[in-house]
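Visitor: Would you please guide me through this structure by way of questions and answers?

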Amino acid sequence: MKLSNEIISSIARTYQYISRIDIQADYFEEINNRDTEHLKFTKSGKLSESNEKVCRQYVAEEYQEAFFKFVDLKTLPERMKNEETLVLEYRMKDGDWHRLRFVEKKRDENGVLTHVLCLIRSISDTKKWEHELMYQVEEARKAAALKARFLSNMSHDIRTPINGIRGMVEVGDYYKDNLVKQAECRKKIWEASGFLLELINEVLDMGKLESEEVILEERSFNFFGLFKEIRMVIEKQAKERGIQIVVHKYRVIHENLIGSPLHVKRVVMNILTNAIKYNKDNGKIIMEFQEVQEDQDTVRIQFKCK
């Protein structure tokens with residue numbers, strides 16, 4: 001008896017609630033309850049009736065079905081035929097998490113389970129830690145995906161000015177004795193390298209890799225000057241395939257704007273480089289810029305590419 005009490009005392013330090021269950025008689029008797037505030041159970045009685053009351057009154061609705069199946073004494077001997085213990089984790093209506101464990105206590109001469117111990121402990125702190133860990137893993141996964149997508153997009157954007165610079169170097173080598181062409185090439189190389197520097201500065205701003213938020217600049221720029229820079233960068237690629245770039249409409253009234261010229265360049269540049277990439281040889285690209293809306297502070301410019 002002394003050894004049995006020592007075992008129960010040891011278990012009681014880990015579990016808030018302990019009872020013994022006679023499966024065949026559908027009877028339980030409480031041995032220890034250290035949390036009567038949350039585990040408001042009767043001391044003894046018919047287990048199936050007590051389970052019904054406890055489940056409906058205290059167990060969160062989404063876990064009630066699993067709870068009923070777990071505490072079903074009719075199926076318990078078969079479920080524990082080759083097991084010494086069974087465990088269920090469930091949430092209470094008050095938000096607390098519990099772990100309920102059945103532990104083998106006695107079997108008959110045929111090895112059929114007849115008595116078990118029922119042990120319950122609060123695992124809310126463990127669950128909070130698990131959820132926090134899962135949240136951190138998910139956030140790390142999102143950050144990694146954002147970085148991969150950001151760098152993939154940037155690598156595509158960076159290729160365009162690099163190709164423009166390389167193309168102008170080739171032209172300059174071809175017209176090495178033509179001072180006018182040399183000056184034109186140097187101007188285009190300067191503008192393309194400036195765009196490249198803006199892109200690289202954005203890549204090096206690692207803070208942007210950690211967030212889905214796009215941080216837009218607020219600085220003045222000239223719309224026509226911006227488009228001229230874009231056209232200079234992509235023109236060489238278009239000429240190599242005999243593709244003609246045509247501006248069909250250019251109806252922009254307000255050319256001096258305040259905004260994020262780098263992002264405007266990136267959007268238009270991506271569209272045009274894809275138009276070149278997926279066009280046929282000796283094809284044509286028709287562009288249309290048109291101011292379609294304005295109010296006191298903002299202007300909306302519609303860009304079409306065919």
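This is a predicted model: local features need pLDDT of at least 70, side-chain atom pairs count only at pLDDT 80 or more; totals for chains, interfaces and linings use all residues.

Visitor: Which strands are the edge strands of the open sheet of six strands?

Guide: The strands of this open sheet follow the order E3-E2-E1-E6-E5-E4, with antiparallel pairing. In general, strands of a sheet pair through backbone hydrogen bonds. An edge strand here pairs on one side only, and this applies to strand E3 (44-46) and strand E4 (85-91).

Visitor: How many bridges join E4 and strand E5?

Guide: Strand E5 covers residues 97-107. Within E5, Trp97 stands opposite Arg91. E4 and E5 pair in the antiparallel sense, and the number of bridges is seven.

Visitor: Which helix packs on the sheet and touches E4 and E5?

Guide: The direction of this helix makes about 160 degrees with that of E4. The helix consists of residues 61-70 and is named H3.

Visitor: Which residues touch the most other members of the largest nonpolar core?

Guide: In soluble globular proteins, nonpolar side chains tend to be buried together. Leaving aside neighbours within four places in sequence, Ile285 is in contact with residues including Ile243, Val246, Leu272 and Cys305. The residues that touch the most other core members are Leu272, Ile285 and Met287.

Note on methods
Residues are numbered from 1 along each chain as its sequence is written. Side-chain values use heavy atoms; hydrogens and water are left out. Two strands pair if DSSP finds at least two bridges between them. Helices (H or I, at least four residues) and strands (E, at least two) are DSSP runs, numbered from the N terminus. Contact means heavy atoms within 4.5 Å. Axes are lines fitted to C-alpha atoms, for helices over the stretch in contact, and angles run from 0 to 180 degrees between N-to-C directions. A nonpolar core is a set of buried Ala, Val, Leu, Ile, Met, Phe, Trp, Tyr and Cys residues joined through side-chain atoms within 4.5 Å. Buried means under 20% relative accessible area, exposed over 50%, partly exposed in between (1.4 Å probe, protein chains only).
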